[in-house]
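Have the sequence and the 3D view ready.

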Amino acid sequence: MAVPVRPFGQTAADLDVAFAAAAPDEAATALLAACTGCEATAVRGWTLARRLQALLAVRLADEPGARVPAVLRCTACGEAFGLEFELAQCVGEVEDGPMPWTAPDGQALALRLPTAADLQGWRQAAVRDERQLAATLLAPPVTALPEDWLAPLAEALAERDPCTALQVPAPCPACGQPHSADIDLEALLLADFAARQRRLLDDVATLARAFHWSEAQILELPAWRRAHYIARIESGLVA
Ligand SMILES: [Zn+2]
């Protein structure tokens with residue numbers, strides 16, 4: 001079940017999300033806690049698939065037709081090029097309970113999708129070995145995960161969670177190579193939210209300069225009233 005969300009980039013709490021300072025998953029946790037009203041610890045326990053869908057819902061809450069630009073590099077000729085795609089096409093149902101998984105040696109196990117709490121735990125324990133990471137997602141626990149389990153495990157995770165790394169057709173405009181591109185949707189969304197936060201800060205600065213209101217006073221205004229005053233300033237009606 002999806003939690004209700006509000007748009008990001010309109011309230012004082014939205015200025016507390018530290019995009020540059022925090023690890024990306026911590027910035028996403030803070031943003032989702034602010035926009036859903038859920039506790040940060042609860043948000044960390046969501047699977048990455050659920051978090052991504054919630055981030056999408058926040059972005060689409062005030063602009064259902066939102067598009068995001070991505071910059072890609074051609075693997076054939078090395079040329080960088082941009083493309084835009086519609087976020088609504090990435091919205092999907094989240095089925096993120098543990099799933100049955102049959103290991104290459106025939107063992108029947110349960111595989112769960114990773115959560116932000118997993119990412120944090122792996123970072124704190126400095127776990128970098130892929131086999132160790134994968135082993136924490138299996139039940140019952142597997143102590144020495146065989147090397148040949150990694151590829152089928154990665155495949156099973158990608159099948160269950162196809163939108164984390166979004167594949168879009170992206171022919172290279174320079175050489176015509178018809179490849180598709182893996183797009184890191186969470187990183188794109190976070191960059192977009194960071195840009196919204198900068199715009200809110202700019203709006204505060206503009207209004208403070210024109211009307212000598214405090215930051216707190218300006219942030220208490222509903223977004224539509226801030227937009228109205230800024231339009232007045234921009235049209236030269238307020239010096
Ligand atoms: Zn190319």
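A helix axis here is a line fitted to C-alpha atoms over the stretch in contact, and angles run from 0 to 180 degrees between N-to-C directions. Helices are DSSP runs (H or I, at least four residues), numbered from the N terminus. Keep in mind that this is a predicted model: local features need pLDDT of at least 70, side-chain atom pairs count only at pLDDT 80 or more, and totals for chains, interfaces and linings use all residues. Residues are numbered from 1 along each chain as its sequence is written.

**α7 and α9**
- Helix α7 (residues 185-211) packs against helix α9 (residues 223-234) at about 60 degrees, with the axes 10 Å apart.
- On the α7 side, the contact (C-beta atoms, placed from the backbone, within 7 Å) is made by Asp 203, Thr 206, Leu 207 and Ala 210.
- From α9 come Arg 226, Tyr 229, Ile 230 and Ile 233.

**α1 and α7**
- Helix α1 (residues 24-36) and α7 cross at roughly 60 degrees, and their axes come within 11 Å.
- That angle makes α1 oblique to α7 (oblique is what remains after under 35 degrees for roughly parallel, over 145 for roughly antiparallel and 65 to 115 for roughly perpendicular).
- The contact pairs Pro 24, Ala 27, Ala 28 and Leu 31 of α1 with Glu 186, Ala 187, Leu 190 and Phe 193 of α7.

**The two domains**
- The chain splits into domain 1 (12-92 + 165-234) and domain 2 (99-160), with bounds from an automatic or database domain assignment.
- Their centres, taken over C-alpha atoms, are 30 Å apart.
- Nine residues from domain 1 and seven residues from domain 2 make the contact.

Note on methods
Helix = DSSP H or I, 4+ residues; strand = E, 2+ residues; numbered from the N terminus. Contact = placed C-beta atoms within 7 Å.
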